[in-house]
Amino acid sequence: MKILAIMGSPRKGESFKVLQLIEEKLKQKEDLNFESVLLKDYNLGQCKGCHLCIFKEGHHCPLDNDVPKIEEKMMDADAIIMITPLYSQHVTALLKNYIDQLSYLWHRPRYFGKKAMVIATGGAIFKGTLNFMEETTKRWGYHVTNKIGIPHLDSLTDSYKQKIMTKLDQEVEGFYQNVKAGRQPVPSFGDVMWFEMWKGNSIALKDTYPADYEYWNQKGWINESYYYPTNISIWKRLAVKLIGLLGSSYMKKMYKGY
Ligand SMILES: Cc1cc2nc3c(=O)[nH]c(=O)nc-3n(C[C@H](O)[C@H](O)[C@H](O)COP(=O)(O)O)c2cc1C
């Protein structure tokens with residue numbers, strides 16, 4: 001089992017300590033391969049907004065940076081753990097910079113079959129940031145199995161610390177079992193709707209985003225109901241088609257050439 005941790009803190013502080021704890025817990029279960037990418041140690045540059053990653057398949061980014069190196073590690077791993085401190089109740093700019101450079105994955109997701117756990121450290125109120133990280137990794141194709149916010153461990157009362165450590169144990173166990181089982185989740189109605197929307201986009205906007213159409217076609221998704229084989233009831237399929245038709249007529253009114 002290969003686990004890749006991606007950390008958005010600009011220092012080896014609380015998030016790093018949490019990562020070390022998780023590594024220890026996971027290694028007690030299995031002699032697995034655990035690698036940490038501390039984004040602060042990588043050259044990420046700054047997205048220039050050229051859109052080349054979105055318009056073209058393959059690596060055309062003008063930045064000569066380490067992003068492709070980290071992407072290779074993601075592809076090579078069975079699962080990722082994404083961890084960040086809260087900064088202004090969001091992920092750090094360091095992590096957001098990395099996330100922004102993978103925006104093309106919303107158009108052409110590629111990490112299906114892989115699992116993710118997302119973690120935020122900070123004072124309190126983690127929900128919004130965890131939801132953002134969950135949605136982001138999910139749009140890249142990951143099955144997000146676990147998420148947890150960890151308040152300042154050294155400042156907690158004994159009883160609260162105990163509670164958080166138990167919760168962390170449970171989340172790590174759940175994550176480990178999910179990675180081990182490797183099963184793909186049954187998509188919700190919203191997931192199938194999301195697939196239908198992007199399929200519709202890739203067909204309708206073939207000339208604007210040729211790389212999307214080519215990718216979706218090459219994956220065989222154009223003729224499918226979801227990214228991978230799964231059980232989708234006939235009613236769900238019909239409802240999704242109907243809403244998809246309404247959505248595309250709305251888009252036609254909104255955008256030229258849709
Ligand atoms: C610039 C900055 C902004 C922060 N903003 C928040 C915040 O909005 N909410 C919060 O709960 N903690 C905030 N914190 C505290 C950190 O999230 C917290 O100390 C975190 O655990 C630090 O992680 P690290 O040691 O891995 O860098 C902030 C810290 C810094 C340095």
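# A walk through a predicted protein–ligand model

Hi everyone, let's start with overall form. With 258 residues, a compact globule would have a radius of gyration near 18 Å, and the protein chain has 20 Å, which agrees. That radius is taken over C-alpha atoms, and the globule rule is 2.2 Å times the number of residues to the power 0.38.

Before going on, a word about the source. This is a predicted model, where local features need pLDDT of at least 70 and side-chain atom pairs count only at pLDDT 80 or more, while totals for chains, interfaces and linings use all residues. Residues are numbered from 1 along each chain as its sequence is written, and side-chain values use heavy atoms, with hydrogens and water left out.

Back to the chain. The C-alpha trace spans about 60 × 45 × 35 Å along its principal axes. You will find ten helices and five strands in the protein chain; these are DSSP runs, with helices being H or I of at least four residues and strands E of at least two, numbered from the N terminus. Contacts with a separation of 6 or more are 78% between residues 24 or more positions apart, where contact means heavy atoms within 4.5 Å.

How much of the chain is buried? Of the 258 residues, 44% count as buried. Here buried means under 20% relative accessible area, exposed means over 50%, and partly exposed is in between, with a 1.4 Å probe and protein chains only. The accessible surface of the protein chain comes to about 13600 Å², and 53% of that belongs to carbon and sulfur atoms. Such areas come from the Shrake-Rupley method with a 1.4 Å probe, and for residues only the protein chains shown count as cover.

Now to the ligand. Which residues come nearest to it? There are 15 residues around the ligand, and Ser9, Arg11, Ser15, Leu86 and Gln89 come nearest; a residue is near when one of its heavy atoms lies within 4 Å. The shell has four nonpolar, nine polar and two charged residues. In that count, Ala, Val, Leu, Ile, Met, Phe, Trp, Tyr, Cys and Pro are nonpolar, Asp, Glu, Lys and Arg are charged, and the others, Gly among them, are polar.

Let's look at individual atoms. Ser9 places a polar side-chain atom 2.7 Å from an oxygen atom of the ligand. Ser88 uses its backbone instead: a polar backbone atom there is 3.0 Å from a ligand oxygen atom. From Thr121, an N or O atom in the side chain is 3.0 Å from an oxygen atom of the ligand. A polar contact is a pair of N or O atoms within 3.5 Å; within protein, one must be able to donate a hydrogen and the other to accept it, and residues adjacent in sequence count only if both atoms are side-chain atoms. Taken alone, the ligand exposes 640 Å², and the protein buries 70% of that. Helix H1 (14–29) and strand E4 (115–122) are the elements that give two or more residues to the shell.

One loop deserves a stop. Thr92 sits in the loop between strand E3 (79–85) and helix H4 (93–100), and Ser88 and Gln89 are in the loop between E3 and H4 too. Is Ser88 buried or exposed? At 77% relative accessibility, Ser88 counts as exposed, Gln89 at 44% counts as partly exposed, and Thr92 at 1% counts as buried. Although not a glycine, Ser88 has a positive phi of about 50 degrees; Gln89, also not a glycine, has a positive phi of about 55 degrees. The side chain of Thr92 reaches the backbone oxygen of Gly8 at 2.6 Å. Leaving aside neighbours within four places in sequence, Thr92 is in contact with Gly8, Thr84, Pro85 and Tyr87.

Next comes Trp140, in the loop between helix H6 (127–139) and strand E5 (143–151). Trp140 counts as buried at 0% relative accessibility. Not counting residues up to four places away in sequence, Trp140 touches several residues, including Met74, Met82, Leu105 and Trp106.

Finally, helix H9 (residues 210–218) has the buried residues Ala211, Asp212, Tyr213, Tyr215 and Trp216. These pack against helix H2 (52–55), helix H5 (104–107) and helix H8 (189–204). Just after H9, Gly220 takes a positive phi of about 80 degrees.
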